[in-house]
Amino acid sequence: MKKIEIKGLILTNFKGIIKLKVNFQHNTDVFGANGTGKSTVYDAFLWLLFGKNAEEKKEFSIKNTVDTSLNRQDHEVEGMLEVNGDQITLKKIYKEKWQKKKGEEIAEYTGNETVYYYNEVPMNQKDFQAKVYTIMDETIFKLITNPYALNSMKWPDRRTIITQMAGEFTDAEIASGNPEYEALVANLTQGKTMEDYLKQIKASVKKSKDDIKLIPTRIDEVSKTKPQAYDFQNLKNLLSAKEKEVAAIDEAILNKSAGLDAILDANEKAKRTASNLRSEISTIEGDTKTKANNSTKIDTSVLDNLKTSLGNKKGELTTAENGLVTLKGLVTGKESDLVALGTTIETKRTEWTNENAKELKIEENSFCCPTCQRAFEESDIESKKIEMSTNFKTKKQESLAEINRQGGLLATQKTNLETELATLKTRVLKGETLITNLKSEIEILEADIKNEVSKAENVTPVDTVAIYNQMLIENTVYNSKKVELETVEKTIKEVPKVDDEQLKSDKKGLSDDIEGIKTMLRNEAQIIAVNERITALKNEETKLAQEIAGVEKTQFLIERFEKDKMTAIEENVNSKFKIVKFKMFEDQVNGGENPACEIYVNGVPFADANTASKINAGIDIISTLSKFYQVSAPIFIDGAESIHDIMETESQLIRLVVSEHDKSLRVA
């Protein structure tokens with residue numbers, strides 16, 4: 001087991017204590033009146049280790065709140081620990097930071113900083129805290145140094161720690177040796193817990209009970225839909241008798257209608273035959289009228305062809321005349337272009353003659369110095385003359401060559417124009433010839449048309465109606481169809497009236513009676529359906545009652561199992577302590593039990609126990625937890641003046657005792 005003891009603690013300007021050094025034995029008492037700093041010693045020790053006070057607060061007044069002038073000094077706590085015989089020194093310094101800005105005479109307060117030392121080695125907070133945690137985990141340290149720590153925790157966290165220490169029982173361990181329990185545990189498959197199983201069972205019971213409560217209401221609702229009952233067998237007999245009466249009336253009506261139907265059928269056939277004959281006769285008359293009209297029709301095909309040809313020729317004449325106008329316009333344009341081109345060619349010829357006639361003229365006085373007017377040397381003059389002559393001839397030849405080149409282009413252009421003009425004039429002559437020929441042909445066609453019109457006007461009119469009538473007289477098929485139609489029309493008889501109104505009236509009365517009987521008979525099927533539904537609901541009610549009984553038996557077994565498990569857990573937990581007992585479950589109004597973790601001291605809840613009982617209970621808990629965690633640490637007992645007989649413990653014990661006559665702290 002790891003053994004941790006505090007050997008010394010030095011406080012410098014910490015809270016209200018300016019300077020204090022405390023040396024600790026295995027059992028140490030710190031005496032002092034209220035306000036002398038007993039609790040400050042415990043706060044200093046916790047702040048040194050974990051940066052918190054006894055109330056678990058990180059933010060608390062480390063600085064002196066009475067003499068604030070001391071706050072510019074360092075606030076320091078140094079502790080000497082012995083861990084399994086090894087000496088460890090921890091130091092933490094909380095200091096104010098003051099900084100003088102550039103150009104300012106007075107330094108300004110800019111915040112605080114904390115400096116850490118482990119065995120005199122400075123380090124940052126993270127490394128310092130890691131070193132502390134190698135000595136003791138913070139949570140475990142609280143549990144084994146503060147008698148009130150476990151009770152101050154939330155019950156689920158407290159329960160977790162206790163069950164970890166005492167050990168849980170598995171469902172299989174509780175069920176072992178009990179066949180009913182073993183069968184129950186066997187149903188816990190696929191990760192299902194006993195709690196899940198109980199929830200499932202309770203939900204099933206609740207649903208079944210809710211369903212069974214609704215069945216009487218459902219039966220009542222179904223019963224209300226049951227229609228009126230009649231003597232259904234008597235109704236069936238009456239229905240059969242009336243249906244026989246209707247059948248007899250139908251037969252009587254059929255006999256009366258049989259003769260009428262024969263006449264109607266014969267008339268219908270005769271009417272269809274007559275209709276077909278009229279259609280055939282009408283077709284013959286139409287064909288005959290067409291033939292009669294065609295036999296007297298004048299043949300105008302020659303006249304029509306002549307008129308068509310005349311129209312075509314007039315169209316060709318218009319096209320030819322328009323084309324001739326266009327060609328003549330082109331001829332005029334080309335002739336104008338040719339005249340202008342001839343003028344340009346003559347201009348070039350004159351230009352060539354003038355250029356070719358040019359001679360070099362040299363003035364003798366031009367060969368002298370322009371400044372002093374002194375004549376050049378003879379040799380220079382000859383040289384200059386040769387140069388001027390050469391330049392003149394070269395420029396003249398170039399000009400003549402350019403004029404010749406341009407003249408050649410103009411000559412070619414003239415030749416092309418003359419060729420185009422000749423072609424256009426040829427086309428004009430052909431166009432004029434075509435127009436003359438077309439006009440001649442049009443005159444011939446107009447004469448022929450006039451001649452044909454004259455012939456048509458001299459034809460004698462023919463009576464087409466007489467021809468039509470004659471053709472019908474001579475048509476033997478037409479005449480035979482007419483005779484057949486007259487014969488068929490004579491066979492169509494007048495339809496006699498059949499008196500069956502009374503029979504139909506009697507049938508309607510019987511049919512109304514039959515419909516009324518059938519309406520009443522439908523109630524029988526509805527009554528049967530309602531009775532069957534009521535029977536099904538009653539069967540369902542019986543089945544649900546049986547299911548509820550079976551499931552409630554399982555529920556009772558689970559609750560008994562859980563009760564036994566709770567008892568085993570509580571007995572196991574409480575066996576680890578001397579004066580402390582834990583109630584791991586609390587009773588519910590409905591008879592069930594929920595998980596809990598309430599501490600009792602000699603049968604009294606921890607919260608209701610006196611201070612001495614609470615302290616001894618805390619020491620009992622610490623002793624058990626120290627054995628479980630295999631570590632002991634100093635136990636601080638605040639308010640130790642309230643207890644005289646402190647429970648024995650292997651841990652270091654530091655008692656903080658209120659002593660009114662000790663106006664300053666005294667350590668013994």
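Let me start with a term: buried means under 20% relative accessible area, exposed means over 50%, and partly exposed is in between, with a 1.4 Å probe and protein chains only. Glu-515 is one case: at 41%, this residue is partly exposed.

A word on the model. It is predicted, so local features need pLDDT of at least 70 and side-chain atom pairs count only at pLDDT 80 or more, while totals for chains, interfaces and linings use all residues. Residues are numbered from 1 along each chain as its sequence is written, and side-chain values use heavy atoms, with hydrogens and water left out.

Strand 1 comes next. Helices (H or I, at least four residues) and strands (E, at least two) are DSSP runs, numbered from the N terminus. Strand 1 covers residues 2-14. Is strand 1 mostly covered or mostly open? Mostly covered: 10 of its 13 residues are buried.

Now its partners. Two strands pair if DSSP finds at least two bridges between them. Strand 4 runs antiparallel to strand 1, with eight bridges joining the two. There, Ile-6 stands opposite Leu-81. Strand 2, residues 17-23, is also antiparallel to strand 1, through six bridges. Gly-8 has Asn-23 as its bridge partner in strand 2. The hairpin of strands 1 and 2 has two residues between the strands, and Lys-15 takes a positive phi near 55 degrees there. Then there is strand 11, residues 631-632, which pairs with strand 1 in the parallel sense over two bridges. Lys-2 faces Val-631 of strand 11.

On to the nonpolar cores. A nonpolar core is a set of buried Ala, Val, Leu, Ile, Met, Phe, Trp, Tyr and Cys residues joined through side-chain atoms within 4.5 Å. In soluble globular proteins, nonpolar side chains tend to be buried together. The largest core here has 76 residues. Which members touch the most others? Leu-9, Leu-90, Met-136, Ile-162 and Phe-582. Helix 1 gives the most to this core, with nine residues. A second, separate core has 21 residues, including Leu-310, Leu-324, Leu-341 and Leu-410.

Take Leu-9. Contact means heavy atoms within 4.5 Å. Leaving aside neighbours within four places in sequence, Leu-9 is in contact with, among others, Leu-20, Val-22, Phe-45 and Val-77. Lys-21 and Glu-78 are also on that list.

Last topic: charge pairs. Side chains of opposite charge can pair when their charged atoms come close. A salt bridge is a side-chain nitrogen of Lys or Arg within 4 Å of a carboxyl oxygen of Asp or Glu. How many are there? The structure holds 37 salt bridges.

Asp-74 and Lys-95 form one of them, at 3.9 Å, N to O. Asp-74 sits in the loop between helix 1 (38-50) and strand 4 (75-83), and Lys-95 in strand 5 (86-99), so the pair ties together parts 21 residues apart in sequence. Asp-74 is partly exposed at 33%, and Lys-95 is partly exposed at 22%.

Lys-508 and Asp-512 form another, at 3.3 Å, N to O. These two are four residues apart in helix 14 (501-574), so about one helical turn separates them. Lys-508 is exposed at 53%, whereas Asp-512 is partly exposed at 47%.

Back to Glu-515. Its side chain meets that of Arg-522 in a salt bridge at 3.4 Å, N to O. Arg-522 is partly exposed at 44%.

One network to finish: salt bridges link Lys-52, Glu-56, Glu-138 and Lys-142.
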